[in-house]
Amino acid sequence: MAVSAADVSKLRKMTGAGMMDCKNALEESNGNYDQAVEIIRKRGQLVASKRADREAGEGVVIAKATADGKFGAVITLNCETDFVAKNADFVKFAQDILQVAVDKKPADLDALKALTLDGRGIGDRVTEQIGIIGEKLDLSYYAKIEAAQVVPYIHPGNRLATLVGLNKAVDIQVGKDVAMQVAAMSPVAVDKGDVSAEMIEKEKEIGREQARNEGKAENMLDKIAEGKLNKFFKESTLLNQDFTKDSTKTVRQYLQAADKDLTVTAFIRYTLNQ
C-alpha cells in the first residue's frame, strides 16, 4: 500500500526510528501503526541478540528531583560508544526515562522498566532504540531518595551524578554544595555510625598490617589501628569530611551554620563503570 509522508512522520515521532525504517515498517504492516511499532521493536531485538556479547560501558548517569524537592532519582542508561553517549537524542531518551522515574516513583529498576513512556513500556522502548541506534543499550541502574529536601547534582559530561537527602528544606545552594561534595570526595557513609561492622573491621586490619610492616611493636598495633580508623572516618564519612569549599570546617559544621538542626539523611553517588 502507499504510505504518506504524514504516516511516516507520525511513526517516526512515536518511535524515533529513521524515515526509511518507518516507511518500510508501515509498508510491511499495511499501514497498521501497532504492527509497524512491533516490526521496529523486533529489529531492535535482533540487533540486541547480535550484540549481546558487546560491552555497554559508555552512557549517561543523570539525576533529578521533583518540583517540591521531596523525591529524587538517579538512572544510568548504557551504550557501547562515547559517540552515542554524547548524542543529543540518546541523552534526551535518558532524560525522558528519568522524568518517568521522578513522576511515578517506582520501587526498583524492574518496576521502572515496566512503566510506560509515550504509551509503551520503557523496556520495549530501550529495545526499539537498540534497533534504531545499532548499539547495545542497557538501562542498568535506578536509585531513589525521599526526604524533606532532595538535591541532585550531575557532573559535567553526564558520567557521574549524586543525590543528597536533607532532613529540612533549606536554601537549594546548601544542598547543591553537599551534593557536589559527595561527587568530589566519594564518602562511604553519612556518619561514623552508618559504616558497616565489616568495613570497620577491614579498616582496622589494614591499619594493623600497615603498622606491622612498619616494624611497630605487636602490643601497639591495636592502638595504631584505632588511630587509622579515626582518620578513615574523617576522610570517608560525609559529615566528618573537610568541606571542599572551606577546609576550616567539616560538612557537619557547614550544615549547622545554615541551620543548627540540619543534617544529611541519605546520599547516592553513581558513576559509569561503578
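Here's a quick tour of some side chains and their contacts. Keep in mind that this is a predicted model. A search for aromatic pairs turns up 3 of them, while a search of the whole structure for disulfides comes back with 0.

**Aromatic pairs**
- Let's start with Phe-232 and Phe-233: their ring centres are 6.1 Å apart and their planes sit at 50°, so this pair counts as tilted.
- Phe-232 is buried, at 11% relative accessibility, and Phe-233 is buried too, at 8%.
- Then there's Phe-243 with Tyr-254, a stacked pair because the planes are at 15°, under the 30 degrees cut-off; the ring centres are 4.1 Å apart.
- That pair ties together distant parts of the chain, with Phe-243 in strand β8 (residues 242-243) and Tyr-254 in helix α11, 11 residues apart.
- Phe-243 and Tyr-254 are both buried.

**Charges over rings**
- Lys-10 has its charged end over the ring of Tyr-33, 4.3 Å from the ring centre.
- Lys-105 does likewise with Phe-71, where the charged end is 5.3 Å from the centre of the ring.

**Cysteines**
- Cys-22 is buried, with a relative accessible area of 0%.
- Cys-79 is buried as well, at 0% relative accessibility.

**Around Asp-259**
- You'll find Asp-259 in the loop that runs between α11 (251-258) and β10 (264-271).
- Its side chain reaches the backbone nitrogen of Asp-261 at 2.9 Å.
- Asp-259 and Ile-172 are 87 residues apart along the chain, and their C-alpha atoms are separated by 13 Å.

Technical notes
Residues numbered from 1 in each chain as written. Predicted model: local features only at pLDDT ≥ 70, side-chain atom pairs only at ≥ 80, totals over all residues. Heavy atoms only, no water. Helix = DSSP H or I, 4+ residues; strand = E, 2+ residues; numbered from the N terminus. Polar contact = N/O pair within 3.5 Å; in protein donor to acceptor, adjacent residues only side chain to side chain. Disulfide = S-S within 2.5 Å. Buried < 20%, exposed > 50% of the residue type's maximum accessible area, 1.4 Å probe, protein only. Phe/Tyr/Trp six-rings, centres within 6.5 Å; stacked < 30°, edge-to-face > 60°. Lys NZ or Arg CZ within 6 Å of the ring centre and 35° of its normal.
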